[in-house]
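Visitor: I am new here and would like to learn how the terms are decided. Could you show me around?

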Amino acid sequence: PPSPSPPPPIGIPNTLSVRNGPCPVTDSGRCMTTPNYPYNYWNNQFCSVNVLERAELTVFAFDTESHYDWLAISPPNGPPSIQCSASTDGCFAGSQGPDGVVVEAGSALVFQSDQMVTRSGFRLCAGTDRLSTYQSPPPSPPPPRPPPS
């Protein structure tokens with residue numbers, strides 16, 4: 001029997017674009033990783049990736065130093081970086097990544113590490129937003145009435 005075909009890529013091409021820093025954008029602009037992923041990222045890293053299309057994030061791996069190394073989602077036209085704490089909305093650290101979070105066009109994904117502990121980091125992809133892209137089709141119109149006899 002033929003081997004099954006690979007699953008289609010998540011997201012649409014060119015959803016993500018590097019704004020600055022060493023975070024790679026891969027898979028034709030669909031995915032982002034920390035520097036050196038899947039190996040430990042380095043100390044004192046800062047990078048920012050632009051979100052060009054509204055999308056839902058899918059996290060495939062997420063491991064940063066809790067409370068010190070962050071992925072922040074900067075709102076559209078917001079500041080290019082965010083001061084994160086455990087209670088800051090849009091900030092993710094430790095093993096809690098932004099899986100299922102919808103990001104708007106014009107926002108940014110910002111990674112920052114401190115000067116101490118490093119971890120393997122993360123890989124996430126911008127999938128198409130299920131809310132707008134995967135709506136069920138409209139119902140079929142009713143069949144025509146038979147002509148009167």
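This is a predicted model: local features need pLDDT of at least 70, side-chain atom pairs count only at pLDDT 80 or more; totals for chains, interfaces and linings use all residues.

Visitor: Let me start with two cysteines: are Cys23 and Cys47 buried or exposed?

Guide: Both Cys23 and Cys47 are buried. The word has cut-offs: buried means under 20% relative accessible area, exposed over 50%, and partly exposed in between, with a 1.4 Å probe and protein chains only. Residues are numbered from 1 along each chain as its sequence is written, and side-chain values use heavy atoms, with hydrogens and water left out.

Visitor: What makes Cys23 and Cys47 a disulfide?

Guide: A disulfide is a pair of cysteine sulfur atoms within 2.5 Å. The sulfur atoms of Cys23 and Cys47 are 1.7 Å apart, so the pair meets that limit. Cys23 lies in the loop between β1 and β2 (25-26) and Cys47 in strand β4, so the link ties together parts that are 24 residues apart in sequence. Strands (E, at least two residues) and helices (H or I, at least four) are DSSP runs, numbered from the N terminus.

Visitor: How many disulfides does a search of the whole structure find?

Guide: The search finds three disulfides. Counting bonded cysteines along the chain, the pattern is 1-3, 2-6, 4-5.

Visitor: Why is the disulfide of Cys31 and Cys125 called right-handed?

Guide: The torsion about its S-S bond is about 95 degrees, so this disulfide is right-handed. The S to S distance between Cys31 and Cys125 is 1.9 Å. Cys31 sits in strand β3 and Cys125 in strand β10, so the bond ties together parts that are 94 residues apart in sequence. With 2% relative accessibility, Cys31 counts as buried, and Cys125, with a relative accessible area of 2%, is buried too.

Visitor: Which hand does the link of Cys84 and Cys91 have?

Guide: With -75 degrees about the S-S bond, the link of Cys84 and Cys91 is left-handed. Their sulfur atoms are 2.1 Å apart. Cys91, at 11% relative accessibility, counts as buried.

Visitor: Now the rings, please. Why is the pair of Tyr41 and Phe111 called edge-to-face?

Guide: Rings of Phe, Tyr and Trp (its six-membered ring) pair if their centres lie within 6.5 Å; planes under 30 degrees apart count as stacked, over 60 as edge-to-face and the rest as tilted. The structure holds three aromatic pairs. In one of them, Tyr41 and Phe111 are 5.0 Å centre to centre with 75 degrees between the planes, which is edge-to-face. Tyr41 lies in the loop between β3 and β4 (46-51) and Phe111 in strand β9 (residues 108-112), so this pair ties together parts that are 70 residues apart in sequence. Tyr41 and Phe111 are both buried.

Visitor: And what makes Phe62 and Phe122 a stacked pair?

Guide: Between the planes of Phe62 and Phe122 there are 15 degrees, and their centres are 5.2 Å apart, hence the label stacked. Phe62 is in strand β5 (residues 55-63) and Phe122 in strand β10 (residues 121-128), 60 residues apart. Phe62 counts as buried at 10% relative accessibility, while Phe122 is buried with a relative accessible area of 0%. Ring pairs link Tyr41, Phe62, Phe111 and Phe122 into a cluster.

Visitor: How do you know that Arg123 lies over the face of Phe60?

Guide: A charge sits over a ring if NZ of Lys or CZ of Arg is within 6 Å of the ring centre and within 35 degrees of the ring normal. Arg123 lies over the face of Phe60 at 5.1 Å from the ring centre.

Visitor: What makes β1 and β7 edge strands?

Guide: Two strands pair if DSSP finds at least two bridges between them. Five strands form an open, antiparallel sheet in the order β1-β4-β9-β6-β7. β1 (16-20) and β7 (91-92) each have a single partner strand, so one side of each is left without a neighbour in the sheet. Inside that order, five bridges join β6 (residues 70-74) to β9, and Ile73 has Leu109 of β9 as its bridge partner.

Visitor: Why is Pro76 called partly exposed?

Guide: Pro76 has 37% relative accessibility, so it counts as partly exposed. Pro76 is found in the loop between β6 and β7.
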